[in-house]
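Here is a short briefing to read alongside the model. Please keep the viewer open as you go through the points.

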Amino acid sequence: MKTPARVLADQVNQIQKSGRFSPRSASLPTWCPGCGYFGIHQGLNDCISSLEIPLTQIVTVSGIGCAGRYPFFSNTYGLHTVHGRALPAATGVKLGNPNLTVFAVGGDGDGLAIGGGHLPHIARRNINVNYLLFDNSIYGLTKGQPSPSSPMGTKTKASPYGTVDKPLNATLMALAYGASFVARLFAGDPKGITEALIEGVRNPGFSIFHIYTTCVTFDKNFKTWAHLKEWTHALPQDYDPTDLGRAFNEVLKDDFSLGVIFKRDA
Ligand code: SF4
Ligand code: MG
């Protein structure tokens, strides 16, 4: 016999399948007009709609930052955690109920600075979580400081003479840490994001989606729409994403080739 909670969940799922529920929540995104995050939001919403997984079976987990607000703008269950801790919280959600589809979202400051120590461990444990790393190479929410993925020489109010540290490459890190599925994407291509997400969600194990995006308010020089459109391009036609050696070579020689960089069935 079904429990009352199960009956309610079935009713919600039926309503959702009838099209009355959408992955977009009633809370409209509060990101700045023109922010790249709108493209990622579109890509993830279209993925969720295509997968036809009931919204009651999906959880979106975030840390802190402009990307941290994401769960408010999604009709899935959500968890807005503390700075840098989206991945351990998402791990807990997935272990608590392995039937859930779990998305973790966060920016480059959240995921590569204070949260950078969590990426190797979720990858080596191969937790079946889908991590969207919104990489605009800047701290947006705190008004434009350099992040671990800012290129050397980045000038901001917090680094008026230019940064002196080398940037981190999240795609390369994910390969080195042994992630099962690694894609590099662009916020200006929501369709490409949707396609990679669908493939990555279906691939068992930890999937990371390293998404180049813009902060139109605080970065007028580096990851602008014009630059990212000019620099990014598809992977070579004969590219084989199951070849880890080729994946390393590709990422070491080209920062801006986009698509599924690596995948394995693990
Ligand atoms: Fe987007 Fe930058 Fe505005 Fe944050 S501050 S919402 S990253 S444009
Ligand atoms: Mg950022």
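Donors here are N, O and S atoms within 2.8 Å of the metal (3.2 Å for Na, K and Ca), and water is not among the atoms, so sites may look incomplete. This is a predicted model, where local features need pLDDT of at least 70, side-chain atom pairs count only at pLDDT 80 or more, and totals for chains, interfaces and linings use all residues. Residues are numbered from 1 along each chain as its sequence is written, chains are lettered from A and ligands numbered from 1 in the order in which they are written, and side-chain values use heavy atoms, with hydrogens and water left out.

**Metal site**
- Asp 108 (OD), Asn 136 (OD1) and Ile 138 (O) coordinate the magnesium ion (ligand 2) at 2.2 to 2.5 Å.
- Asp 108 belongs to helix α4 (residues 108-114) and Ile 138 to strand β5 (residues 138-139), 30 residues apart; helices (H or I, at least four residues) and strands (E, at least two) are DSSP runs, numbered from the N terminus.
- Asp 108 counts as buried because its relative accessibility is 1%; buried means under 20% relative accessible area, exposed over 50%, partly exposed in between (1.4 Å probe, protein chains only).
- Ile 138, at 6%, is buried too.

**Sheet**
- An open sheet of 8 strands has the order β2-β1-β3-β4-β8-β7-β10-β9, with mixed pairing; two strands pair if DSSP finds at least two bridges between them.
- Its edge strands are β2 (77-80) and β9 (233-234), each pairing on one side only.
- Strands β1 (residues 58-62) and β2 run parallel, joined by 4 bridges; Val 61 has Leu 79 in β2 as its bridge partner.
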